[in-house]
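Trainee: I would like to learn how to read a few features of a protein model. Could we go through them one at a time?

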Amino acid sequence: MRPATRLIRGTRCGHDPYRATAPPLYQTATFAQATATGFDAYDYSRTDNPTRRLVEDELASLEGGHGALAYSSGMAAVAAALRLAPTGARVLVAQDLYGGTERLLDRLDLEVARIDTTDPASWTDAVFEGAHLCYLETPSNPLLETTDLRALARWTRRHGVVLVVDNTMLSPWLQRPLELGADLVVQSCTKHLAGHGDLTAGALIAKERALYEPLAFQRNAEGTALAPFDAWLLSRGLKTLGVRLERAQDTARQLVKFLRGHPAVTRVRDVGMGSVLAFETGDVARSQQVVEGTELFSIAVSFGGVASSISLPCVMSHASVPAARRSAVQLPPDLVRIAVGLEDPGDLIADLDRALSAPRGQPRPATASA
Ligand code: PLP
């Protein structure tokens with residue numbers, strides 16, 4: 001099956017006596033046993049639930065892994081992945097990471113070593129020697145820098161380092177890290193996979209059973225699994241992943257072209273894929289005015305939803321990154337990030353044009369609705 005078909009037809013809910021075309025929702029905590037000693041497939045939803053299992057099978061199939069585990073948020077999945085490294089272990093971490101992941105890394109008892117995953121020339125045996133885990137996002141967020149996963153995986157494999165890739169930015173529709181050599185994929189399903197900005201969810205997708213089993217044990221022990229109704233919503237969102245992302249990506253390309261030609265824009269960052277782009281104006285106050293001057297873009301963190309949003313990462317999604325780290329990764333304070341949704345591209349461009357062309361210092365119009 002090709003990807004678009006797999007999204008719709010790839011995983012079926014078995015054993016439904018009524019053959020519902022949309023999967024039933026098993027909104028239950030407990031499953032009754034036939035006898036006191038005879039255990040069936042499911043007994044308690046913290047451990048396993050048919051609705052959640054359905055979406056996990058879909059995620060495993062999309063990413064090409066042995067198995068997937070759905071969590072109550074992307075951060076719950078990130079935390080579970082990082083705790084694969086034992087206390088005090090050396091972990092290799094990319095320079096430019098989501099702010100919440102930075103905040104967590106700050107508090108975990110790990111020896112965090114930064115590596116430039118975007119620059120293979122900086123990798124040596126000494127860098128990887130003795131490391132337990134390597135964690136990165138590609139493209140990074142919000143600087144949109146990319147890592148050659150295939151090349152990096154050759155190093156991590158040689159040194160027995162677990163390679164963990166946060167694939168939230170592109171989703172398995174556009175990138176499949178497990179096929180490029182990663183061991184574990186992280187997804188904030190809150191973004192593209194659920195796709196409607198109406199739930200928080202996360203997932204880990206493991207290439208091998210050996211990694212999947214301890215993660216499943218830990219999730220059951222801690223009770224961080226995704227609730228059945230949210231799993232059902234996620235499964236519904238997944239069906240349209242391809243059409244949503246293709247459309248948003250196409251609009252993003254049109255916005256990039258427009259921004260590259262606009263005199264108020266000093267630099268545009270984009271990787272030619274996905275629905276997130278960023279630009280600079282050379283002036284923080286000006287960038288803030290643009291962010292607050294649009295009417296169709298919500299001033300909001302996150303991405304991958306049907307509604308477009310605009311943000312100043314330095315004071316929003318990445319505010320929890322310590323100032324020293326922000327300057328180490330050269331996160332420009334005037335950087336504006338746009339997460340493209342499904343509105344008409346012409347409307348979005350006209351709105352941005354209005355905000356970028358407004359005279360300096362002009363306050364946000366009273367009609368602004370975002
Ligand atoms: N990873 C990335 C790349 C993110 O952008 C986010 C959230 O913005 C997360 C992980 C955390 O996901 P969640 O907000 O679902 O906990």
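Trainee: What is the phi of glycine 160, the residue that follows helix 6?

Mentor: Helices (H or I, at least four residues) and strands (E, at least two) are DSSP runs, numbered from the N terminus. Here helix 6 is followed by glycine 160, and its phi is positive, near 65°. This is a predicted model, in which local features need pLDDT of at least 70, side-chain atom pairs count only at pLDDT 80 or more, and totals for chains, interfaces and linings use all residues. Residues are numbered from 1 along each chain as its sequence is written, and side-chain values use heavy atoms, with hydrogens and water left out.

Trainee: Which backbone nitrogen does aspartate 148 reach at the start of helix 6?

Mentor: A polar contact is a pair of N or O atoms within 3.5 Å; within protein, one must be able to donate a hydrogen and the other to accept it, and residues adjacent in sequence count only if both atoms are side-chain atoms. In this case a side-chain oxygen of aspartate 148 comes to within 3.3 Å of the backbone nitrogen of arginine 150.

Trainee: Which residues of helix 6 are buried, and what do they pack against?

Mentor: Buried means under 20% relative accessible area, exposed over 50%, and partly exposed in between (1.4 Å probe, protein chains only). Helix 6 spans residues 149–158, and its buried residues are Leu149, Ala151, Leu152, Ala153, Trp155 and Thr156. For packing, contact means heavy atoms within 4.5 Å. The buried residues pack against helix 5 (125–128), strand 4 (133–137) and strand 5 (162–166).

Trainee: Is glutamine 27 buried or exposed?

Mentor: Glutamine 27 has a relative accessible area of 53%, so it is exposed. Its place is in the loop between helix 1 (3–9) and helix 2 (50–63).

Trainee: What does glutamine 27 touch, leaving aside its neighbours within four places in sequence?

Mentor: Glutamine 27 is in contact with Pro228 and Phe229. A polar atom of its side chain lies 3.2 Å from the backbone nitrogen of phenylalanine 229.

Trainee: How does the radius of gyration of the chain agree with that of a compact globule, and why?

Mentor: The radius is taken over C-alpha atoms, and the globule rule is 2.2 Å times the number of residues to the power 0.38. For 370 residues a compact globule would have a radius near 21 Å; the chain has 21 Å, so the two agree. Of these 370 residues, 51% count as buried.
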